[in-house]
Amino acid sequence: MTYVVTVEIRIPEGAPELDGLHRVGASALLEQGFASVAGIEGADGMEMDLFDVAVAVHPGGAILKVMVAAPSLEFAEEAVGSVSEEVLERSELLAEWTVESSEVQLHTDAARESLEAADGPGAPPSDPQARRAHHTAKPDTADETDGEAQDHEAAFRALATRLRSFAPAVFGVAEARAEGEEPAEAGDGIPGITPESAELAAGSLVYGAEVLIDELYDDVQALAEEDTTVSECQGHLWHLDQLPSRHAAQYNELFARRFLVTAIALTTRFTDGSFRRLGCLAEELVLKLLLEQAHVTLDLHGLLDDEVAAALGRFAGEVYEDMDFAWLQDEGDEGAGGEGVATLGFGTWFTPFDDARYVHPYALDEMPETGVPDTAEN
């Protein structure tokens with residue numbers, strides 16, 4: 001069975017945080033280290049295949065997503081953790097870094113449902129399309145107790161603290177006023193969002209990021225197994241088929257890997273406190289998918305009221321600098337040839353908006369060959 005193992009690695013205690021240059025270097029060392037791993041051998045000589053590794057380095061360490069085929073979840077976690085430690089030991093510059101955890105991160109609700117159902121009549125369907133419909137269909141909350149609903153709400157609020165790059169004001173929470181003064185308003189004159197609604201919005205983004213990354217891994221594997229593009233893929237895709245369809249024939253396995261790494265890098269910056277601005281058009285598209293995932297997640301649990309939706313809208317308005325990328329979704333004549341699309345050629349999706357923006361080295365566009373214009377066609 002294929003597992004995606006999340007490995008958290010930390011820099012030595014007391015060491016200064018990594019700056020941009022050091023993060024690029026550490027990323028390269030980790031990628032090279034895993035590239036040299038031909039296979040993974042665990043207890044009793046049992047072997048497993050390593051399919052892919054995505055690396056996201058942040059100021060305090062790194063997060064790895066390692067895709068492996070293993071006989072069991074426990075074997076995958078233990079073996080990947082051991083290999084990660086070995087990769088660090090081989091590198092003189094990373095030898096003092098430590099592996100904090102190596103685990104397959106399951107989504108609590110879906111995992112509990114599957115375990116409880118087992119092979120009985122309540123088991124989720126095996127067909128990917130049917131399973132997606134099963135999990136994304138709005139649940140019947142009529143029999144849900146108040147305690148269960150509160151548990152979901154509390155879980156999202158707890159996750160909100162992990163979105164370290166954004167203060168409540170980004171979600172529209174206005175500053176508190178002295179007693180007796182008029183209620184605070186947001187900068188646009190609209191009454192501010194309550195802290196409770198902002199917490200739900202922030203928590204849904206953290207939870208949604210985990211779901212989005214796991215499902216993008218599945219999309220990468222689907223394209224790799226068929227050696228095809230999104231336009232020709234016969235298997236189930238979670239997200240890549242939601243990208244602008246005009247370029248579907250160019251969404252191959254390599255593109256999917258670069259898009260996945262971009263999603264990991266962006267959500268890492270959201271949660272480690274280092275985010276400043278979106279780095280490229282691909283990150284804008286990742287954020288669009290993340291916001292959609294957050295809305296779906298909240299709606300599934302009956303937590304998406306007007307104020308929480310407004311909080312997510314305020315967040316999007318603060319993070320997006322413009323909405324030019326929306327032209328890509330327009331299939332009409334104006335969208336296909338409009339001014340907005342003219343500067344959004346497919347070959348520039350992973351190109352930084354300017355020299356101050358960050359794009360993960362794995363995803364970064366290569367410089368065009370001398371004499372060959374960088375257009376939407378190349």
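A residue is called buried when its relative accessible area is under 20%. In this predicted model, C233 has a relative accessible area of 13% and therefore counts as buried. C280, with a relative accessible area of 0%, is buried as well. The structure holds 0 disulfides. A disulfide is a covalent bond between the sulfur atoms of two cysteines.

The protein chain has 378 residues, and 45% of these count as buried. Its secondary structure consists of 11 helices and 5 strands. The accessible surface of the chain comes to about 19600 Å², and carbon and sulfur atoms contribute 49% of that area. Among contacts in the chain with a separation of 6 or more, 69% are between residues 24 or more positions apart.

Helix α1 spans residues 20–35 and helix α2 spans residues 73–90. The axes of α1 and α2 come within 10 Å and cross at roughly 115 degrees, and the crossing of α1 past α2 is right-handed. On the α1 side, the residues in contact are L30, G33 and F34; on the α2 side, they are V83, S84, V87, L88 and R90. By class, the contact of α1 with α2 comprises 5 nonpolar, 2 polar and 1 charged residues.

E226 lies in helix α6 and is partly exposed, because its relative accessibility of 32% falls between the limits of 20% and 50%. Leaving aside neighbours within four places in sequence, E226 is in contact with E232, C233, Q234 and G235. The buried residue C233 is thus one of the contacts of the partly exposed E226. E226 and E253 are 27 residues apart in sequence, and their C-alpha atoms are 9.5 Å apart in space.

The phi of D227 is positive, about 50 degrees, although D227 is not a glycine. Most residues other than glycine have a negative phi.

The loop between α7 and α8 (281–300) contains S274. S274 has a relative accessibility of 17% and so counts as buried. Apart from neighbours within four places in sequence, the contacts of S274 are P59, S165 and R269. S274 and F166 are 108 residues apart along the chain, and their C-alpha atoms are separated by 9.8 Å.

Y358 is placed in the segment after α11 (339–342). Its relative accessibility is 24%, so Y358 counts as partly exposed. Not counting residues up to four places away in sequence, Y358 touches A265, R269, G279 and E283. Along the sequence, 92 residues separate Y358 from L266, while the C-alpha atoms of Y358 and L266 are 9.3 Å apart in space.

Notes
Residues numbered from 1 in each chain as written. Predicted model: local features only at pLDDT ≥ 70, side-chain atom pairs only at ≥ 80, totals over all residues. Heavy atoms only, no water. Axes fitted to C-alpha atoms, helices over the stretch in contact; angles between N-to-C directions. Helix = DSSP H or I, 4+ residues; strand = E, 2+ residues; numbered from the N terminus. Left-handed = near helix turned anticlockwise from the far one by under 90°. Contact = heavy atoms within 4.5 Å. Nonpolar A, V, L, I, M, F, W, Y, C, P; charged D, E, K, R; others polar. Buried < 20%, exposed > 50% of the residue type's maximum accessible area, 1.4 Å probe, protein only. Areas by Shrake-Rupley, 256 points an atom, 1.4 Å probe, with all protein chains shown as cover. Disulfide = S-S within 2.5 Å.
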